[in-house]
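Subject: Structure for you to look at

Hello,

Here is the structure I promised. Please open it alongside this note; my findings follow below.

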Amino acid sequence: MTDHIIRTEHDRRRLIAFLQGLDLTKPRKVSIAEIRSKRSDAQNRLLWSWNGLIQRHLRDSFGQIASAEEWHEILVAKLWPAEVRPVHLPDGTRYRVGRAKTRGFSIPQMTTYLELLDQYCAEHLGLLLPHPEDLMLAIYGERRAA
């Protein structure tokens with residue numbers, strides 16, 4: 001099977017030429033899928049840097065004891081909508097499960113989440129998160145390049 005990535009009009013013309021040249025005496029299966037770019041390494045580094053700062057701030061300012069990972073879970077659940085569904089165990093115990101997982105976020109989704117997190121910390125926690133220039137430019141991908 002041959003994969004073709006289409007990003008430009010030139011790529012589209014190449015694919016059309018490829019399809020026109022196929023031997024139609026043999027059945028072919030064609031599928032087109034959007035490529036989802038996962039969050040970038042820069043976004044991940046910034047997120048976990050911020051999570052550590054949030055953890056220390058909440059401990060020092062409010063006496064809240066939880067790990068950076070636990071605060072991450074809490075803040076993702078608070079700031080990013082997710083499908084929450086009930087689960088019933090055979091013994092009758094009921095739980096609500098489900099939250100967004102940032103590891104599956106695309107670059108634009110992660111950018112939006114980081115913006116929400118930054119805004120929430122400033123407005124509700126009294127914490128101004130740092131914006132390291134190299135990471136801030138990297139998290140915006142091509143949006144800031146212009």
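A contact here means heavy atoms within 4.5 Å. By that rule, N51 touches A68, H72 and L117, leaving aside residues up to four places away in sequence.

Before going further, note the ground rules. The model is predicted: local features need pLDDT of at least 70, side-chain atom pairs count only at pLDDT 80 or more, and totals for chains, interfaces and linings use all residues. Residues are numbered from 1 along each chain as its sequence is written, and side-chain values use heavy atoms, with hydrogens and water left out.

N51 is found in helix α2. Helices (H or I, at least four residues) and strands (E, at least two) are DSSP runs, numbered from the N terminus. Is N51 buried or exposed? Its relative accessibility is 1%, so N51 counts as buried. The cut-offs are under 20% relative accessible area for buried, over 50% for exposed, and partly exposed in between (1.4 Å probe, protein chains only).

Helix packing

Two packed helices are described by the angle between their axes and the distance between the axes. Axes are lines fitted to C-alpha atoms, for helices over the stretch in contact, and angles run from 0 to 180 degrees between N-to-C directions.

Take α2 (residues 41-62) and α4 first. Their axes come within 11 Å and cross at roughly 20°. The two helices are therefore roughly parallel. Angles under 35 degrees count as roughly parallel, over 145 as roughly antiparallel, 65 to 115 as roughly perpendicular, and the rest as oblique. The contact residues of α2 include W50, N51 and I54. On α4 they include Y113, L114 and L117. By class, the contact has 13 nonpolar, 4 polar and 1 charged residues. Ala, Val, Leu, Ile, Met, Phe, Trp, Tyr, Cys and Pro count as nonpolar, Asp, Glu, Lys and Arg as charged, and the others, Gly among them, as polar.

Now α3 (residues 68-79) and α4 (residues 107-125). Their axes come within 11 Å and cross at roughly 100°. α3 and α4 are therefore roughly perpendicular to each other. H72, L75, V76, K78 and L79 of α3 meet Y113, L116, L117 and Y120 of α4. That contact divides into 7 nonpolar, 1 polar and 1 charged residues.

Aromatic rings

The whole structure holds 3 aromatic pairs. Rings of Phe, Tyr and Trp (its six-membered ring) pair if their centres lie within 6.5 Å; planes under 30 degrees apart count as stacked, over 60 as edge-to-face and the rest as tilted.

W80 and F105 make a tilted pair, 4.7 Å centre to centre with 40° between the planes. W80 sits in the loop between α3 and β1 (85-88), and F105 in the loop between β2 (94-97) and α4, 25 residues apart. W80 is at 16% relative accessibility, so W80 counts as buried. F105, at 4%, is buried too.

W80 also pairs with Y113, edge-to-face, at 6.5 Å centre to centre and 70° between the planes. Y113 lies in helix α4, so this pair ties together parts that are 33 residues apart in sequence. Y113 is buried, as is W80. W80, F105 and Y113 form one aromatic cluster.

One exposed site

D134 is in helix α5 (residues 133-139). D134 is exposed, with a relative accessible area of 55%. D134 and A42 are 92 residues apart in sequence, yet 8.4 Å apart in space, C-alpha to C-alpha.

Best wishes
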